[in-house]
Amino acid sequence: MQLRIPGPTPVPEEILGAQTKQMINHRGKEFTALIRKITEQLKGCFQTKGDVLILTASGTAGMEAAVVNTLSPGDPVLAVTIGAFGERFADIAQRYGADVRRLAFEWGHPADPEAIRGALKAAPDIRAVLVTHNETSTGVTNDLESISKVVKEFDKLILVDAVSSIGSIDLPTDRWQCDVVVTGSQKGWMTPPGLSMVSMNERAWQAYDKAKMPRFYLDLGKARKFYDEKGQTPWTPAVSTFYAMSAALDMIEKETLPKIFERHSRTARAAREGVKSLGLKLFPQEAYASNTVTAIHGPDGVDVKKLLQILREDHGVVLSGGQGKLEGKIFRIGHLGWVSEADIEEVVKAVEAALPGARA
Ligand code: PMP
C-alpha cells in the first residue's frame, strides 16, 4: 500500500521498530535523557535557540497552545487565512474570545504581504497575526519570510501553523522572527501521530506573562518549567511516540536538513510535472505550489470519489480528497516525510491507469 496522504505519513521500519521498546518511568533518568536529546534535535530542525516544547497531542492542540499561551480574551487578532487550516486557527482564537479579524484570500492563492501591511496599518490595535505556513487543504505555501517581515515592521506577534511544513520545507524560525511555530509528529517527521511540537521565543514568553486565556493541559509555561527543572513533561507523555521521534530525528540528522528540503522540492516537482503530463490541472497558483502536498483539480467528467476508490482498491495507492468547500472538487497527493521521486512516479502511473474508470 502506498499511503500518500498529507499525514499521517508512512513510517520507516526502523522507526516503527523503535516504538516496540518496553515502557520506562516517565519520571526517571532514562526519560529525561530521551526528552533532552529530542528537544535539542528539534531545536536544530526548527533552526531556533528558543524553546521547543513537546505536547502529547495532535497539531490542532499545538495551534490551540499557541493561541491560549500568548493572548487574552478581547485581544484584536489578524487571522490570515488561505484555506481550511487558516480558518481553523481563526476559529480557535475566536472560541477563546479573541477579537478575530479575518483576512481571507481566495483558496489556491497565497496571502499577499501587501494586503497584510494594509490591514495592520488600518488596525494599529492588532496584537498578533495568525498565519499558516503551508496550507495543506489547498497545497499552497505562503511566503512566510515576507509576511513575517511585514508583521515585524509593525512589531506584532506572529503565530505560525507550520504543521505540514517545518522539517520538510525550510523555515528558519529565528531568522524569520517567528514567535510561535507549531507542527505535528505525523507529518514530515516520519513518526506516528501523537506529538505536537511548539517553539516559543523570548517575545512569545513576554506575551505569555500577560496572556489571560484559560489553559491547563496546554500551559506551555508549565511545560517549560518541567523541562528546564526536571527534564520531564507535566503530564504523562506518549512514551512510545517519543521513542519513534528519537529514531526519526536521528535519520533526519543523518540526511541533513538541506538535503531533506531538496528532496522534498524534487519530489514535489515530480508530482506536479507528472500530473500535468496526464493533462490534469494543478489547483494552486503554481509559483506557490507546496513541496509537501500537491492539490489537483478533479478533471471535468471525473468523479473524484470514484477515482480515489479505484486508486485505493485496484492500485493500492491512498490519496486524499478535498476538504470543506473543495470536497469532490480536488484531490491531493501527500509527499512529505519518507518519500522519494520514485514513489511519486508510481503514484502518477496509478492515477493515469485509474482515470478512465472514474469518468462518468
Ligand atoms: N494545520 C495544518 C496545516 C495541517 O495540515 C493539519 C493536519 N492536516 C493541522 C493543522 C491539524 O493537525 P492535527 O490533525 O494533527 O490536529
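Modeller: Before we start, a residue counts as near a molecule if one of its heavy atoms lies within 4 Å of it. This is a predicted model, where local features need pLDDT of at least 70, side-chain atom pairs count only at pLDDT 80 or more, and totals for chains, interfaces and linings use all residues. Residues are numbered from 1 along each chain as its sequence is written, and side-chain values use heavy atoms, with hydrogens and water left out.

Colleague: OK, which residues come nearest to the ligand?

Modeller: There are 13 residues around the ligand. Coming nearest are S58, T60, T136, D161 and K187.

Colleague: Which residue's side chain has an N or O atom 2.7 Å from a nitrogen atom of the ligand?

Modeller: Let's go by polar contacts (here, pairs of N or O atoms within 3.5 Å). G59 uses a backbone N or O atom, 2.8 Å from a ligand oxygen. The side chain of Q186 also reaches an oxygen of the ligand, at 2.7 Å. The ligand nitrogen, at 2.7 Å, goes with the side chain of K187.

Colleague: Which helix gives the largest share of the shell?

Modeller: Helices are DSSP runs (H or I, at least four residues) numbered from the N terminus. Both α3 (59–68) and α4 (84–95) supply at least two shell residues. The largest share, three residues, comes from α3.

Key:
Polar contact = N/O pair within 3.5 Å; in protein donor to acceptor, adjacent residues only side chain to side chain.
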